[in-house]
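Welcome! Open your viewer, get your selection tool ready, and let's take a short walk together.

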Amino acid sequence: MSILITGGTGYIGSHTVVELSKSISDKIIILDNLFNSDFSVIEKLQTITKKNIIFLKSDICDTNFLKHIFTKYKITSVIHFAGLKAVGESVEKPLLYYNNNIVGTISLLNVMKEFNCKKIVFSSSATVYGNPEHLPIKETAKLSTTNPYGYSKLIIENILTDIYNSDPSWSIAILRYFNPIGADKSGIIGENPSGIPNNLMPYIIKVATKQLDSLNIFGNNYDTIDGTGVRDYIHVSDLADGHIKALDYINNNNEIIKINLGTGKGYSVLQLVKTFIKVNNINIPYNIVDRRPGDIASCYANTELAKKVLNWESKKSLQDMCLDSYNFIKYNIV
Ligand code: NAD
Ligand code: UD1
């Protein structure tokens, strides 16, 4: 049995490969075009897992190459991370996002169908809940989104639902991630985007390493504990573990499941920044600036379904997340 991990050299994919290698004996095959990752991740994964991981540099849009992989490795299931994920960029370059994320996924699904491989775990996002009416957010909440990235996730969720409705021999897990941060405890892999980051933790890291002077906090007049935005930060290794449970579930049930992966706890920007400062004993200068357009006040998950269906819940604390995020940078950058 072989499992294909698209986008497996990326941030969440690489952490999932680490967890997978602990729990399955299947051959692990990573396919990634290295658009937002680096070949060095493969060597790092071999170091952590002490396993031989097969890596293929290719694009999910290349249907012929996918057919070659499915023929050669007899793929029996897929965890599909490959995709572009920057909200702002998706507004500037919608066709790039629709092409890469949607056309790429259709290419993958066509090949899966042709080779009778009908088990897939898909990376969706809490972004599909838009501005939620109720907190914590249940999977049954109204879905809406405001940007091409979010639409690409919603459209793929719909495509997968239609496929399942037309052929219930598929097994599909749609996982809606909240805000992954942190890094593997080895400090060998983690997240370090190039350029000026959009997301909070990568920005804090750039300030911690003095690559940027100070953090801009987008608004302190939200209706939250201290006025700054509240999010459900989840340790990437906990998130990775959720994929193992989801894979196990779809291996044993022909169903489509749509499940939140979050901790169920919301923390504000200031709470996160202060925790980072305390556990790492490092100063993070910050300024309060205007709200970021499109931001919502609060977003955190109802995690009951994940507990009930997958028997999964997050274990790591905000302190762990802050320590591990910086630990990775200390080992690799500073
Ligand atoms: P990432 O950019 O680190 O990883 C994605 C990987 O996919 C990269 O290595 C990239 O090179 C690869 N890729 C992109 N397009 C490809 C293509 N056409 N063919 C082959 N490889 C391709 O991102 P991540 O944070 O690990 O996110 C993984 C998935 O989870 C994405 O689908 C993302 O939209 C989703 N997601 C991420 C977050 C988050 O905060 N990180 C939140 C919700 C959902
Ligand atoms: C963003 C994306 C969302 C995606 C998620 C996880 C937007 C509008 N939304 O959400 O689609 O699923 O990342 O990848 O980009 N903040 C600051 N200063 C910063 C950066 C962020 O104050 O420099 C604040 C934000 O206002 C927010 C919180 O930190 O309150 C978290 O921001 P971020 O990490 O960008 O995640 P989301 O806004 O949840």
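Helices and strands here are DSSP runs, numbered from the N terminus, and a strand has at least two residues. A residue is near a molecule if one of its heavy atoms lies within 4 Å of it. Please remember that you are looking at a predicted model.

**Stop 1: ligand 1.** Select ligand 1 and the 26 residues that surround it. Among the closest are Ile12, Asp32 and Lys85. Which element gives the most to this shell? That is strand E5, with three residues.

Now zoom in on the oxygen atoms of ligand 1. One is 2.6 Å from an N or O atom in the side chain of Asp32, and a polar side-chain atom of Tyr149 lies 2.8 Å from an oxygen atom of the ligand. At Ile12, look at the backbone instead: a polar atom there is 2.8 Å from a ligand oxygen. The protein covers 95% of the 820 Å² of accessible area that ligand 1 has on its own.

**Stop 2: ligand 2.** Next, select ligand 2, which is surrounded by 18 residues. Start with Asp295, where an N or O atom of the side chain is 2.6 Å from a ligand oxygen. Then click on Asn179, whose side chain has an N or O atom 2.9 Å from an oxygen of ligand 2. Here the protein covers 86% of the 730 Å² of accessible area that ligand 2 has on its own.

Finish by highlighting strand E8 (215-218). E8 gives the most to the shell around ligand 2, with four residues.

Note on methods. Residues are numbered from 1 along each chain as its sequence is written. Chains are lettered from A and ligands numbered from 1 in the order in which they are written. This is a predicted model: local features need pLDDT of at least 70, side-chain atom pairs count only at pLDDT 80 or more; totals for chains, interfaces and linings use all residues. Side-chain values use heavy atoms; hydrogens and water are left out. A polar contact is a pair of N or O atoms within 3.5 Å; within protein, one must be able to donate a hydrogen and the other to accept it, and residues adjacent in sequence count only if both atoms are side-chain atoms. Accessible areas come from the Shrake-Rupley method with a 1.4 Å probe; for residues, only the protein chains shown count as cover.
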